[in-house]
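Thanks for coming, everyone. Let me put the structure up, and then we will walk through it together.

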Amino acid sequence: MAVRGRHLALWGLFMAGGLLLPLLVDTGIIGRGTLRTIIMANFLAIFAMSWDVLSGRTGYISFGHPFLIGIGAYTTAILTRRFDVAVEYSIPIAVLVTMIGGAVLFIPALRIRGSYFALVTLAFMELVYQLVQVIRPDLTGGTRGMSGIVTLTKGAVQGYYLSFTLMALLGFFLWLLMKTRLGTALSAIGMNEDSVAGSGLNTTRLKLVAFMLGAFAAGLGGAFYVHYLGSIAPRALFDINFVFTIIVAALIGGAATITGPIFGAFFLTFLLEYLRPVLPGAERYLIYGGIALLVYMYQPGGLHKILEVGLERLRKRANP
Amino acid sequence: MLQILIQGLLLSGLYALIAVGFTMIFSIGRVLNLSYGSSLMVGGYTYFYFSQTLGIPKLAGLAVAAVAGCLMGLLVFRLIVKTLEGSHVAIEISTLILAVVVQAAIVLLFGDSSKILLPIIPGVVWVSGAAVTYNILAAMLAGWAVLAGLHFYVRATHTGRAMSAVSMDLKGAAISGIEPDRINMITWGLSGALGAVAGVFFASYTQLSPSMWVAPLIISVAVVIVGGIGSIVGTLIVAHIIGFMEVIVTAWIAPELRGVFTMLLIICVLILRPQGLFGRAEL
């Protein structure tokens, strides 16, 4: 689990490559459309990483992740749109409020595990979805949501820089953190919580840290996402299909790895995008879901694991 | 007042019918079949195709729907649950992905727009100013009949008792000479068929649409959590608690809030009494 120079070099390469990418737009190699696709992939990667910290490691599967993302997004949207709070303040406040939401989500995790926990998170998401439309529609915009929210960036290139920097820094930070003893302990909780507690570690505190980190990432992602889109609608946000996209991105890439969810998010976003010219209609989602199901059933460890096993096999063949 | 009583009874019967298939799977394997809502959708659309497009008699259409649901249940068990045996999280996530795949398939075959299903039994009866369609009355009766039948089946027949044995203790059941695989197959097939029939009634109560699988899934989840596992009577009682709560909230507080209290109930029960109101303690 140690941090190696090789890994840091790869991260450096990834960040440098990401930051240099928009230069290719001017030369015409990639279009602005591709850049917009990457922006969506960046946000999906943030959400998937957030899910990965909370659920991928500890095994407390959250089916209601939009609950956290939605709190972050709605808080900053309401503050800026209705109370004219500057973005510099509204985003940190949104992240803090999301972390309170993470603490709320943490309460059931004290008592229940496994499938039951997954269900209660689903209930949380539905609850917020229905409340948002009814309670104070003058603030939340009710069923129709809100539009005309301040956007931080203009055009694809700026949006790309912001989303990529956010994603890469968050990813690097979480990756480093998960290389510490904390990450090891969280993975151990996913394997056998009782034996972690038996080893004298405070699992409640460890889980709380995981939930806070997950909520932090979700709130940050949600807040910047809403300031990128400039609008918010409850049906698009608190949707089981959105949950599906996040979870599948994290799992296809490889749960509990941080780099896996980034990879998975890009893989899925581009898969959907490249299928567009071939299959313009609804078939696309059928193929997309089918591929996700097959990859996941073949290797629940995701592409990360498939790659690892493949490399291992190649190495063995090279020097037996 | 009487109106609330009638509406509540009708809705609760429908909910019991919807939830029973989901409860069975959860009781037997502790597995959440998140593609259960898709069984309802497959049932609804199969019925729609055979009965309204091809024009075969309605009862035959219902039977075809049940067969389709049964087949789907068996396939899900053989291809997903059996392959991933042991890992509950993997099964839950795979069935969730499957549900989205089925949704895409339905959009592909029938289009994105929602469809109106003609009532299975047309006609309306007026009871003290409340319109009661024969259709939902049939759904309620079907719900009760199915639950009563299932209760009898589990208590009195050999296979049924084997089912409850597997649900209590898999190893103990296997030692006593029960083949868990066979029992699982029967349960999944039965659950799929019941889901499909419930789907036909549910679709004729609301409408057919490619996203119709979410609402019944959430109702089923609520019933199984609040009722607890391994209790058919619990399923019936909780279906009534939830049904009446929705009707009362709709009538007295606000129609938009009808789902909120159900969600609050789920959360409270899970936190305060995770084994459910009528379930066996085993968490």
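Start with one residue. A:R113 is partly exposed, because 16 other C-beta atoms lie within 10 Å. The cut-offs are these: a residue is buried if 20 or more other C-beta atoms lie within 10 Å of its own, exposed if 12 or fewer, and partly exposed in between, with C-beta atoms placed from the backbone. A:R113 sits in the loop between helix 5 and helix 6 of chain A. Its C-alpha is 6.6 Å from that of A:Y60, and the two are 53 residues apart in sequence.

Some ground rules. This is a predicted model, where local features need pLDDT of at least 70 and side-chain atom pairs count only at pLDDT 80 or more, while totals for chains, interfaces and linings use all residues. Residues are numbered from 1 along each chain as its sequence is written, and chains are lettered from A and ligands numbered from 1 in the order in which they are written.

Now chain A as a whole. The secondary structure comes to 16 helices and 2 strands. Both are DSSP runs numbered from the N terminus: helices are H or I with at least four residues, strands are E with at least two. Chain A has a radius of gyration of 20 Å, which agrees with the value near 20 Å for a compact globule of 320 residues. That radius is taken over C-alpha atoms, and the globule rule is 2.2 Å times the number of residues to the power 0.38. Along its principal axes, the C-alpha trace of chain A spans about 70 × 55 × 40 Å. Of its 320 residues, 47% count as buried. Take contacts in chain A between residues at least 6 apart in sequence: 77% join residues at least 24 apart. A contact here needs two C-beta atoms, placed from the backbone, within 7 Å.

Back to the helices on either side of A:R113. How do helix 5 and helix 6 of chain A pack? Their angle is about 145 degrees, and their axes are 10 Å apart. Axes are lines fitted to C-alpha atoms, for helices over the stretch in contact, and angles run from 0 to 180 degrees between N-to-C directions. The crossing of helix 5 past helix 6 of chain A is right-handed. By the rule used, a crossing is left-handed if the near helix is turned anticlockwise from the far one by less than a right angle, and right-handed if clockwise. From helix 5 of chain A come A:L105, A:P108 and A:A109; they meet A:F117, A:V120, A:T121 and A:F124 in helix 6 of chain A. By class, that is 6 nonpolar, 1 polar and no charged residues. Nonpolar means Ala, Val, Leu, Ile, Met, Phe, Trp, Tyr, Cys and Pro; charged means Asp, Glu, Lys and Arg; the others, Gly among them, are polar.

Next pair. Helix 14 and helix 15 of chain A pack at about 145 degrees, with axes 10 Å apart. Helix 14 of chain A supplies A:L271, A:L272, A:L275 and A:R276, and helix 15 of chain A supplies A:R284, A:I287, A:Y288 and A:I291. This contact has 6 nonpolar, no polar and 2 charged residues.

Two loop residues deserve a look. Most residues other than glycine have a negative phi. A:D84 has a positive phi, near 55 degrees. A:D84 is in the loop between helix 4 (65-83) and helix 5 of chain A. Is A:D84 buried or exposed? Exposed, with 9 C-beta neighbours inside 10 Å. A:I258 also has a positive phi, about 65 degrees. A:I258 lies in the loop between helix 13 and helix 14 (259-278) of chain A. A:I258 is buried, with 30 other C-beta atoms within 10 Å.

On to chain B. Chain B has 11 helices and 2 strands. Its radius of gyration is 18 Å, close to the 19 Å from the globule rule for 283 residues, so chain B is as compact as a globular protein of that length. Buried residues make up 52% of chain B.

Last, where the chains meet. The contact takes 38 residues from chain A and 37 residues from chain B. Which helix of chain A gives the largest share of its side? Helix 6 of chain A, with 15 residues. By class, the side of chain A that touches chain B has 27 nonpolar, 8 polar and 3 charged residues.
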